[in-house]
Amino acid sequence: MIKNTDIFKIREAVDIYLIGEDILQVYFMNTRRQFQFKVNKFTLLLIECVDGKKSILDIKVKLEERIDKEIDLDAIKQVFSHLFEKGIIVENKQNFHKPYISDEVKERYDRQINFFGDFLLGVAKKYEAQQKIQKSRILIFGCGSVGGWIATELAMCGVENFILFDGDNVEKSDVSRHIFFKEKFIGVPKVNALEEYLVNINPMVKVEKHNEYLSPDIDITGLIRRADFVINTADEPYIGHTSLKISRECIKQKKAHYIAGGFDAHLASTGELVIPGLTPCVDCYADYFTEALKGWKPKTHPVKERYQEIGGLSSMSLFSASFGVIEIIKYIAGLTDFKTYSKSRGEFLFDTLDITYLDVKRDKNCKTCGGIVYEEA
Ligand SMILES: [Zn+2]
């Protein structure tokens, strides 16, 4: 219900223009949605007055002065209500963010929060989305090129709580490949070096560090219990094994997780988002590959010894990390409806710029996730 004191503004990412005398074209820049509708002179006069400063009552007074005629307040409210329902205008309230985020956080993430607003109904929801990001505790296994970038981008989005797990120390070759490892950190645990980088992005960042390797006998139950979301990029001893161990425990605890890709033979993998009871878990993927490769018999390799250091381009690791972060942020901030989520792992091809997706479906009889029922976050 619109009140006399309400103040509205045109939504930030909305472009409106007139076609002819009476057709209003509306274009939503972030979602690419667009539509037209017929407007009368009265509606156009009202739209001209929407400046984020004047209340409904102020607009009535101003318009009456302009056209020298009394205007019915309810008629104004009716137009505003219509524009609001169509998502063209939003309320412009001071301190509307206060129950969710501080002035400091609002100022820091203002552009991103407005972007969120285009995917959520109701002006408070975008602040709530930022609050969810701020309060999430993210556990990351592996702090190399992909894991380190994911942590960096999440800190840039406003994540303040991290648990970092990596047994490596920074080596000379890391300094030239990763922006978060500096010369002074050579010989220092990667988790310590990354912590310093994240705190420099946002002083509110807190990091719980685990400078160890993810060996099969390590109990990760408590770690996963303390996390709101889990990411695996640990490729030692082998990404398939670490992912199985992590995914199985996450499914047991009904924790959403992301298996991020982009290393060795995976080129620029998009990785996969695993939402318990909704998307395929790591065991579903493993079963898919067992089935897909059933008739494939490896031949004996003719060359027994060779030097093999598979390389890549740091931009491709960044692609994998950024792709993962987009999905992770969408999930933890609740920006899209995941009940209809159907993406599985894809691979970005360097030469053609195509992304090819695997057609993996959740196996209802999967020994790990088969009996799990999806619960909305
Ligand atoms: Zn499964």
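User: Is Arg248 buried, exposed or partly exposed?
Analyst: In this predicted model, Arg248 has a relative accessibility of 38%, so Arg248 counts as partly exposed.

User: And what does the Arg248 side chain meet in a salt bridge?
Analyst: Asp283, at 2.7 Å from N to O.

User: Is Asp283 buried or exposed?
Analyst: Buried. The relative accessibility of Asp283 is 3%, and the cut-off for buried is under 20%.

User: Why would side chains like these pair at all?
Analyst: Side chains of opposite charge can pair when their charged atoms come close.

User: How many salt bridges does the structure hold?
Analyst: The count is 25. One of them is between the side chains of Lys190 and Asp174, at 4.0 Å from N to O. That pair links distant parts of the chain, with Lys190 in helix H8 (residues 190-201) and Asp174 in helix H7 (residues 172-177), 16 residues apart.

User: Are Lys190 and Asp174 buried or exposed?
Analyst: Both Lys190 and Asp174 are buried.

User: Switching topic, what does Asp337 form a salt bridge with?
Analyst: With Lys339; the closest N and O atoms are 3.6 Å apart. Asp337 is partly exposed at 45% relative accessibility, and Lys339 is partly exposed with a relative accessible area of 47%.

User: Which residues do salt bridges with shared partners join into one network?
Analyst: Asp168, Asp174 and Lys190 are joined that way.

How values were computed
Residues are numbered from 1 along each chain as its sequence is written. This is a predicted model: local features need pLDDT of at least 70, side-chain atom pairs count only at pLDDT 80 or more; totals for chains, interfaces and linings use all residues. Side-chain values use heavy atoms; hydrogens and water are left out. Helices (H or I, at least four residues) and strands (E, at least two) are DSSP runs, numbered from the N terminus. Buried means under 20% relative accessible area, exposed over 50%, partly exposed in between (1.4 Å probe, protein chains only).
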